[in-house]
Amino acid sequence: MAEHNATLEGMERHLGLSTAIALGVGTTVGSGIFTSVGEVAGTAGTPMLTIIAFLLGGLIMIPQNLVYAEYASAYSEDGGQFVYFREAGWPFMAMFFIWSCWWATDPVGIATMTLTVANNIAYFTGWGDMTVRIVGCVLIIFFTWLHMCHKHAGAKWQDFITAVKIVPFLILAIVGLFFIKGGNFGLEIAGSAGASGDIVTALIAGVAATTWSYDGMQTCVTMGGEIKDPEKNMPIALIGTVLVVTLLYVMLTTAAVGMTDINVLSGADAPIATAFEAIMGKTSGTVAALLAVVVVTGSLSSLIMFQARGEMKAAQEGYWWRSWGKIDPKYDSPVVSMLWQSGFALILVFLTTIQDLLGIFTFICLVRNALLFCAWFPLQKKENYKPTFKAPAGALMAILAIVPSAILAYGELGGILSGETPLFSWNPISAGLLVIVSAIPFFFYFKKTNADIIEEAERKRNAAIFGE
């Protein structure tokens with residue numbers, strides 16, 4: 001019998017365990033925490049609820065990463081989540097996942113990272129908005145060139161920058177803990193759910209706002225076809241990442257809310273830099289902004305490195321535009337997919353704000369996550385589902401992965417359901433719903449236009465499973 005996770009068209013397995021971990025930690029510890037601390041503080045309403053929101057945000061990722069580890073050890077292909085939906089027998093969800101990545105998370109993520117770097121550069125340079133956006137775009141172009149044309153050097157760079165960026169992150173968190181002012185923990189944002197005593201509502205909103213901060217811990221599954229010894233390395237990378245990131249985030253959040261008035265923190269464009277002004281005034285804020293630039297630049301590099309593999313995989317199997325599935329023979333990388341993704345991100349950098357991007361990102365991620373972990377149940381019946389790692393109490397872990405995402409997604413719809421936010425208006429949730437609905441006609445378009453690719457892909461998969 002042929003190997004059950006054989007790919008249609010793949011690249012060499014050149015990434016070791018260190019890079020798999022660097023991808024997860026390096027992507028996650030980035031603009032999320034440096035951007036969303038203020039947003040989480042604003043929705044939670046009190047310092048303690050802000051800390052608890054980040055802690056719960058990390059804890060609910062543990063069952064998710066355990067299920068991901070099981071998926072990844074069964075199907076070690078590029079494309080990750082696309083493959084898991086496909087194998088569950090849900091081709092529309094496989095295509096929708098990539099569709100939503102394209103419109104709501106992947107170029108959006110790159111643009112958000114770039115804008116975060118720009119905001120922190122502006123903090124200490126005084127440059128105008130247009131200047132820092134241009135600098136951010138130069139970074140996108142550089143990292144696209146690096147990971148597209150020199151992928152081995154790009155992998156080494158990612159290992160290096162992740163190791164380097166964790167050091168300043170720890171410095172910020174540990175130093176900040178020594179400058180906490182106890183009185184700040186008694187402050188609250190007037191009118192917020194937390195301040196009014198509606199703890200459940202405050203936590204649901206706060207944990208939902210941490211979604212962007214914790215997204216990225218499953219990064220290595222998107223490059224599953226390029227990870228060496230994936231049956232062993234993928235589970236280690238996925239489980240280790242969630243524990244490390246949760247600890248780092250809780251430490252830095254505690255420092256941030258303890259050093260500054262939560263009302264100031266919630267309204268800051270660069271909340272971590274603003275918090276560190278409490279130590280030595282503008283000087284320490286400048287240092288924090290510089291360190292944030294280093295940290296977030298590493299995450300920007302990581303996103304550009306891995307994200308285009310999703311569209312590449314979908315194209316290879318007929319559920320995307322054909323040309324995006326091509327692997328350049330010279331560079332052994334998905335050049336077309338990478339160029340499209342970075343090009344779209346460059347446009348978003350000039351047309352949007354972080355707040356608009358985060359709103360769409362959060363809702364789509366929550367919906368996708370809830371559906372992805374539902375796939376665990378049909379996958380158990382698949383003949384080629386032979387994971388080398390099994391999530392403990394698998395059904396329970398799948399349910400624990402589904403329920404929080406479903407609850408948070410429902411919470412995001414609150415304004416629409418209550419009528420406070422008109423459905424037919426420009427707002428992040430309506431935009432997210434539009435992304436979902438728009439996937440339907442394109443799914444049928446791809447099925448018709450690429451019927452030959454879809455049929456050939458299925459034939460090759462059956463041959464790999466049954467040895468035909």
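At 48% relative accessibility, proline 422 is partly exposed, a class that lies between buried (under 20% relative accessible area) and exposed (over 50%), computed with a 1.4 Å probe on protein chains only. This is a predicted model, in which local features need pLDDT of at least 70 and side-chain atom pairs count only at pLDDT 80 or more, while totals for chains, interfaces and linings use all residues. Residues are numbered from 1 along each chain as its sequence is written, and side-chain values use heavy atoms, with hydrogens and water left out.

Proline 422 sits in the loop that separates α21 (414-418) from α22 (428-449), where helices are DSSP runs of H or I with at least four residues, numbered from the N terminus. Leaving aside residues up to four places away in sequence, proline 422 touches Ile416, Asn427 and Ser430, a contact being heavy atoms within 4.5 Å. From lysine 156, proline 422 is 266 residues away in sequence and 48 Å away in space, C-alpha to C-alpha.

The structure contains 0 disulfides, a disulfide being a pair of cysteine sulfur atoms within 2.5 Å.

The chain has a mean pLDDT of 85, with 93% of its residues at 70 or more; pLDDT is the predictor's confidence in each residue, from 0 to 100. Over residues 1-8 the pLDDT is below 50, and this stretch has 23 contacts in the model beyond near neighbours in sequence. Where pLDDT is low, predicted coordinates should not be read in detail.

Definitions and conventions. Helices (H or I, at least four residues) and strands (E, at least two) are DSSP runs, numbered from the N terminus.
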